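This report walks through strands, cores, charged pairs and aromatic rings. The sequence and the structure come first.

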Amino acid sequence: MKRRHYNIFQEDGKAVVLAFDHGRDGREMGVNETEVIKAARRGGADAILVSYGTAKYNKEAIGNMGLIIRLDTTPSAIGKNKEKNVPDISYQVEDMARFGADACIVMGFPSGDFDYEMTRLVAHVVTECDKYGILSAAEMLPNGFSSDPEDRTLEKMGIALRNGSALGCDFIKTDYVGTPEEYKALVDTCAAPVLVLGNGKTDERTFLQTIRNAMDAGCKGLICGKNIWQCKDIEGMLRALNKIVHEDAGVDEAMKELHL
């Protein structure tokens with residue numbers, strides 16, 4: 001497991017991860033996934049989060065980047081009753097270990113419709129990952145991808161982080177909220193490394209400032225998708241993120257890496 005840890009996290013304990021696991025719901029329509037992955041690798045992404053199929057068909061493009069595979073899947077973009085599917089995993093940890101994954105990730109939505117079921121699912125994945133020597137991760141987001149501000153209060157975010165840590169996740173993917181000082185109080189109560197997501201597609205400077213704030217709050221990096229792979233300069237965006245995460249650069253310095 002130690003070797004796999006360092007395939008994702010660098011010696012400074014931090015990681016820049018491209019989230020590129022949206023394929024089944026159609027959000028990557030019109031995007032050449034192989035070219036995106038190649039650009040991410042050239043830009044210096046430490047690791048990539050993908051679906052099993054994307055990993056299977058892009059082994060060469062992924063190369064030596066750390067590999068995180070999603071175990072759960074979403075309904076198709078044209079499926080019905082999308083919000084009422086009982087949480088489950090579509091792939092087994094043993095198979096992902098055999099495939100060569102460094103980590104597996106699942107959703108872990110506290111306070112949602114299936115709070116208890118998701119808690120049990122995350123716990124199962126954590127112990128299975130420990131059994132096969134790979135890292136476990138969960139997306140700890142109160143009430144899922146809710147846009148209700150009440151689901152992103154500091155209190156609820158703190159509970160979500162501590163739940164993920166208590167369940168034994170090797171790292172946690174979640175939203176950044178509040179000020180760096182406020183969020184640091186949450187991070188300090190979470191034993192597991194926290195990697196933030198991008199909080200929705202926004203302009204480049206706003207995105208980089210969010211990551212700068214998250215790092216100031218004690219986070220260990222990011223797992224972000226659309227703000228990277230929908231950027232006109234994927235390589236430049238990853239270089240900018242590396243500047244902030246691994247070199248402790250400010251936003252102005254990081255912005256110089258972008259050619260838009």
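## Strands and crossovers

E5, H7 and E6 make a right-handed β-α-β unit. A crossover is called right-handed if, with the strands pointing away from the viewer, the path from the first strand over the helix to the second runs clockwise. The model is a predicted one: local features need pLDDT of at least 70, side-chain atom pairs count only at pLDDT 80 or more, and totals for chains, interfaces and linings use all residues. Residues are numbered from 1 along each chain as its sequence is written, and side-chain values use heavy atoms, with hydrogens and water left out. Helices (H or I, at least four residues) and strands (E, at least two) are DSSP runs, numbered from the N terminus.

E5 and E6 pair in the parallel sense over three bridges; two strands pair if DSSP finds at least two bridges between them. Within this pairing, Ala-138 stands opposite Ile-172 in E6. E6 also pairs with strand E7 (residues 194-196), again in the parallel sense and over three bridges. Here Thr-174 has Val-196 of E7 as its bridge partner. A right-handed β-α-β unit is likewise made by E6, helix H8 (residues 180-187) and E7.

In a regular strand the side chains alternate between the two faces of the sheet. Strand E6 (residues 171-174) is covered on both faces: Phe-171 and Lys-173 on one side, and Ile-172 and Thr-174 on the other, are all buried. Buried means under 20% relative accessible area, exposed over 50%, and partly exposed in between (1.4 Å probe, protein chains only).

## Nonpolar cores

In soluble globular proteins, nonpolar side chains tend to be buried together. A nonpolar core is taken as a set of buried Ala, Val, Leu, Ile, Met, Phe, Trp, Tyr and Cys residues joined through side-chain atoms within 4.5 Å. The largest core has 68 residues, and those that touch the most other members are Ile-48, Tyr-183, Leu-208, Ile-211, Leu-222, Ile-228 and Leu-241. H11 supplies the largest share of this core, seven residues. A second, separate core of 15 residues includes Leu-49, Ile-105, Phe-171 and Leu-195.

Which residues does Leu-222 contact, leaving aside its neighbours within four places in sequence? They are Ala-15, Val-16, Val-17, Leu-195, Val-196, Ile-211, Ile-228, Leu-241 and Val-245, where contact means heavy atoms within 4.5 Å.

Asn-242 sits in helix H11 (residues 234-247). With a relative accessibility of 13%, Asn-242 counts as buried. Its contacts, apart from neighbours within four places in sequence, are Val-16, Gly-43, Gly-44, Ala-45, Asp-46 and Glu-247.

## Salt bridges

The whole structure holds 18 salt bridges, each defined as a side-chain nitrogen of Lys or Arg within 4 Å of a carboxyl oxygen of Asp or Glu. Three of them are listed here.

| Pair | N to O distance |
|---|---|
| Arg-70 and Glu-139 | 2.3 Å |
| Arg-205 and Asp-252 | 2.9 Å |
| Glu-257 and Arg-239 | 3.2 Å |

The salt bridge of Arg-70 and Glu-139 runs between strand E3 (residues 66-70) and strand E5, so the pair ties together parts that are 69 residues apart in sequence. Both partners are buried, Arg-70 at 7% relative accessible area and Glu-139 at 2%.

The salt bridge of Arg-205 and Asp-252 runs from helix H9 (residues 204-216) to helix H12 (residues 251-255), so parts 47 residues apart in sequence are tied together. Arg-205 is partly exposed at 40%, and Asp-252 is exposed at 54%.

In the salt bridge of Glu-257 and Arg-239, Glu-257 belongs to the segment after H12 and Arg-239 to helix H11, 18 residues apart. Arg-239 is partly exposed, at 28% relative accessible area. Salt bridges that share partners also join Asp-21, Arg-70, Asp-72, Glu-139 and Lys-173 into one network.

## Aromatic pairs

A pair of aromatic rings is described by the distance of the centres and the angle of the planes. Rings of Phe, Tyr and Trp (its six-membered ring) pair if their centres lie within 6.5 Å; planes under 30 degrees apart count as stacked, over 60 as edge-to-face and the rest as tilted. The count by this rule is six aromatic pairs. One of them, Phe-109 with Phe-145, is edge-to-face, at 5.3 Å centre to centre and 75° between the planes. Phe-109 lies in the loop between strand E4 (103-108) and helix H6 (115-132), and Phe-145, 36 residues apart from it, in the loop between strand E5 (135-140) and helix H7 (154-166). Phe-109 is buried at 14% relative accessibility, whereas Phe-145 is exposed at 56%. Tyr-52, Tyr-91 and Phe-99 form one aromatic cluster.
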